[in-house]
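Before reading on, please take a moment to look over the sequence and the model side by side.

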Amino acid sequence: MNFKLYKKLLSHSFQELLSYRLTAFLITFFGILFFATEIIAGHIYFSVTDSLLGWNKLDYLILVASSTIMIHLHSTLFIASQESLVDKILEGDMDYTFVRPVSSYFFHILYRIEYSSLINLVIACIYQAYILRDVELSFLTILGFVALILLGTHMIFVLNQIVITISFWTERSEKLMAVPEYLTDFSIRPHKIYPGFVRIIFMYILPILLSINAPTLLLRGEFHGTYLIVLLIANILLGILSKFMWERGLRHYASAN
């Protein structure tokens, strides 16, 4: 997909925003509300204790802010396209894509962006910068922090994409659509609160918990080379699996025409 086409798709997304202003407002409002609720909860937790399994209030708030950035970055760039993709697959409404000189995979994951989530993303970034204002960070640490947020966002994206692609094989796949969201919500907590076997599964085998916790672990000085290797391998393998399932799924695609 070239930039000219993507720019045109962005324009269409903006027109949809203007057409569905109330929906956009509600998405922004509830996004801010949920973010504020997590922040308030953090202040309540640490009003009765200075430490939660070694984590202090600043650590917890960094986790809340960085995970919110990942979620809304994914929502801004991909969620609108992914939500519509399930219906397109099930209804056989993808024919037009196949006659365009673009990759059907990248076209359908970049088809729309959600501007209302962009507002929530900016708010989360501002809050993240605010709570880190007094923390001395080197340029490399900041660079690593941003890179880990991007890796976490990719993990959220690819898990959603894999689940969506199952729609090529079964019409009942919609029941699985909420699984990546549940996994993400489950991971927005300090990893130490979970039992050892849970941490093994979601820190090393399907490292969504590691992906969400990674930026905070970096600032705590607890992010080591093994974690980086796990994240890189998992993101690469899941990305390859996502693309492979898409190519295989297209063979099962049934057009409505």
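How many residues does helix α6 have, and how far does helix α6 reach from its first C-alpha to its last? In this predicted model, helix α6, covering residues 115-131, has 17 residues and reaches 25 Å between those two atoms, which is close to the 24 Å expected at 1.5 Å a residue.

The secondary structure of the protein chain comes to 11 helices and zero strands, so that the pattern read along the sequence is simply α-α-α-α-α-α-α-α-α-α-α. Of the 257 residues in the protein chain, 45% are buried, and the accessible surface comes to about 13800 Å², with 67% of that surface belonging to carbon and sulfur atoms. Among contacts with a separation of 6 or more, 78% are accounted for by residues 24 or more positions apart.

A word on confidence belongs here. The protein chain averages a pLDDT of 87, and 87% of the residues score at least 70. Confidence is lowest in helix α1 (residues 3-19), where the mean is 64, and highest in helix α10 (residues 208-219), where the mean is 97.

Which helices do the buried residues of α11 pack against? They pack against α3, α5 (104-109), α7 (139-165), α9 and α10, and these buried residues include Tyr227, Val230, Leu231, Leu238, Met245 and Trp246, together with Ala234, Asn235, Ser242 and Gly249. Arg248 also lies in helix α11, but Arg248 counts as partly exposed because its relative accessible area is 36%. Although Arg248 and Phe168 are 80 residues apart in sequence, their C-alpha atoms are 8.8 Å apart in space.

The next stop is helix α2 (residues 21-45), which holds Leu33. Leu33 belongs to a nonpolar patch on the surface, formed with Leu22, Phe25, Leu26, Phe29, Phe30 and Phe34, and the patch has about 710 Å² of accessible area together. Is Leu33 buried or partly exposed? With a relative accessibility of 38%, Leu33 counts as partly exposed. Beyond this helix, in the loop between α2 and α3, lies Ser47, which is exposed because its relative accessible area is 58%. Ser47 and Lys57 are separated by 10 residues in sequence and by 9.0 Å in space, taken from C-alpha to C-alpha.

Side chains of opposite charge can pair when their charged atoms come close. A search of the whole structure finds six salt bridges. In one of these, the side chains of Arg189 and Glu38 meet at 3.5 Å, N to O. This pair links distant parts of the chain, since Arg189 is in the loop between α8 (179-187) and α9 (196-205) while Glu38 is in helix α2, 151 residues apart. Arg189 counts as partly exposed because its relative accessibility is 24%, and Glu38 counts as partly exposed at 23%. Arg133 forms a salt bridge with Asp134, with the closest N and O atoms 3.9 Å apart; Asp134 is exposed, having a relative accessible area of 65%.

Which residues are linked with Asp59 in a network of salt bridges? The network links Asp59 with Lys192, Arg220 and Glu222. Within it, the side chains of Glu222 and Arg220 meet in a salt bridge at 2.5 Å, N to O, and Glu222 is partly exposed, with a relative accessible area of 25%. Asp59, found in helix α3 (residues 57-91), counts as buried because its relative accessibility is 10%. Leaving aside residues up to four places away in sequence, Asp59 touches Gly54, Thr216 and Arg220.

Definitions and conventions:
Residues numbered from 1 in each chain as written. Heavy atoms only, no water. Patch = residues over 30% accessible without salt bridge, like charges linked within 9 Å, V, L, I, M, F, W, Y side chains within 5 Å. Areas by Shrake-Rupley, 256 points an atom, 1.4 Å probe, with all protein chains shown as cover. Salt bridge = Lys/Arg side-chain N within 4 Å of Asp/Glu carboxyl O. Helix = DSSP H or I, 4+ residues; strand = E, 2+ residues; numbered from the N terminus. Buried < 20%, exposed > 50% of the residue type's maximum accessible area, 1.4 Å probe, protein only. Expected span 1.5 Å × (residues − 1). Contact = heavy atoms within 4.5 Å. pLDDT = per-residue confidence, 0-100.
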